[in-house]
Amino acid sequence: MPAVLAVGVMASVMAEGALAASFAVSGTSFQVSSGKLTSEGLSSYVQTDRDIDGKGHPVALLGIGDATLSDICQAAEVKTPVGTVVFKLTAGGDAGNVTASNLVIDGEDLVGDARFGTAQIGRDASTLDEVPGVKGERGKFGLQAGDITVSGVKSHAWSATGGNFRLKGMRVDVSLGGKKCF
């Protein structure tokens, strides 16, 4: 969850439904991982993120309500004049759980062992109501669940936004040829 810390105000407005959950993405996807994610509420539908040059990236928009993560790791490779740098943010673990509300991740994939409570698969995306402000277009495929638990989370994402983040034990590392999350 990279620059999420800087968009708390946007996330609050987004959660109230006053702002769309999209913006021009950087053109660089990133890794996100966690040992365990639990949440009260999940809404998801397919959309296309666009980078600043207009190139489309198909994603599953994942709206996650009040989330608790055992730990997080986010890493992106960035090309610079001195070589490829890995920007890595970690938090949680021994320092305590990471929490977030109204987390929205635009992901290419999500891998892990999951349990969904009260799942509704195939629901019209415009009628999703488990996560405030997370609704898709009328007639589009959507899914939602009342609560979720995912262990061994691994994902490649194009963007992440959220409000009320608490990143215990946060650490940011920038290094040439550094190690990514997975």
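This is a short tour of the structure you have open, stop by stop, with something to select at each one. Keep in mind throughout that the model is predicted.

**Stop 1: the whole chain**

Start with everything shown as a cartoon. You'll find one helix and nine strands. If you trace the chain along its sequence, the helix comes at the start of the pattern, which runs α-β-β-β-β-β-β-β-β-β.

As for what is hidden, 43% of the 182 residues count as buried.

**Stop 2: the cores**

Hide the surface and select L37, I64 and I72. These three belong to the largest nonpolar core, which has 24 residues, and they touch the most other members of it. Next, colour the strands that give two or more residues to this core: β1 (30-50), β2 (56-69), β3 (71-80), β4 (83-92), β5 (98-117) and β8 (147-166). Which strand gives the largest share? That's β8, with six residues.

Select V104, A125, L128 and V131, which are among its seven residues.

**Stop 3**

Go to strand β1 and pick out Q31. Buried or exposed? Q31 has a relative accessibility of 7%, so it counts as buried; the cut-off for that is under 20%.

Show the residues around Q31. Beyond its neighbours within four places in sequence, Q31 is in contact with C73, Q74, A75, S155, H156, K180, C181 and F182. Zoom in on C181 in particular: its backbone nitrogen sits 2.9 Å from a polar atom of the Q31 side chain.

**Stop 3: salt bridges**

The structure has four salt bridges, and here are some to look at.

Begin with R115 and D147, whose side chains form a salt bridge with an N to O distance of 2.8 Å. What does this pair tie together? R115 is in strand β5 and D147 is in strand β8, so the bridge joins parts that are 32 residues apart in sequence.

Move on to R123 and D129. Their side chains also meet in a salt bridge, this time at 3.5 Å from N to O. R123 is partly exposed, with a relative accessible area of 23%, whereas D129 counts as exposed at 51%.

Then select R171 and D173. In this salt bridge, the closest N and O atoms are 3.1 Å apart. R171 counts as exposed, with 51% relative accessibility, while D173 is partly exposed at 28%.

**Stop 4**

Click on V174 and you'll be in strand β9, which covers residues 171-176. V174 has 57% relative accessibility, so it counts as exposed, given that the cut-off is over 50%.

**Stop 6**

For the last stop, look at the backbone. Where is N102? You'll find N102 in strand β5. Check its phi: the value is positive, about 50°, although N102 is not a glycine.

Now select T118, in the loop between β5 and β6 (120-124). T118 is another residue other than glycine with a positive phi, near 45°. With the surface shown, T118 is exposed, at a relative accessible area of 61%.

Technical notes. Residues are numbered from 1 along each chain as its sequence is written. This is a predicted model: local features need pLDDT of at least 70, side-chain atom pairs count only at pLDDT 80 or more; totals for chains, interfaces and linings use all residues. Side-chain values use heavy atoms; hydrogens and water are left out. A nonpolar core is a set of buried Ala, Val, Leu, Ile, Met, Phe, Trp, Tyr and Cys residues joined through side-chain atoms within 4.5 Å. Buried means under 20% relative accessible area, exposed over 50%, partly exposed in between (1.4 Å probe, protein chains only). Helices (H or I, at least four residues) and strands (E, at least two) are DSSP runs, numbered from the N terminus. A polar contact is a pair of N or O atoms within 3.5 Å; within protein, one must be able to donate a hydrogen and the other to accept it, and residues adjacent in sequence count only if both atoms are side-chain atoms. Contact means heavy atoms within 4.5 Å.
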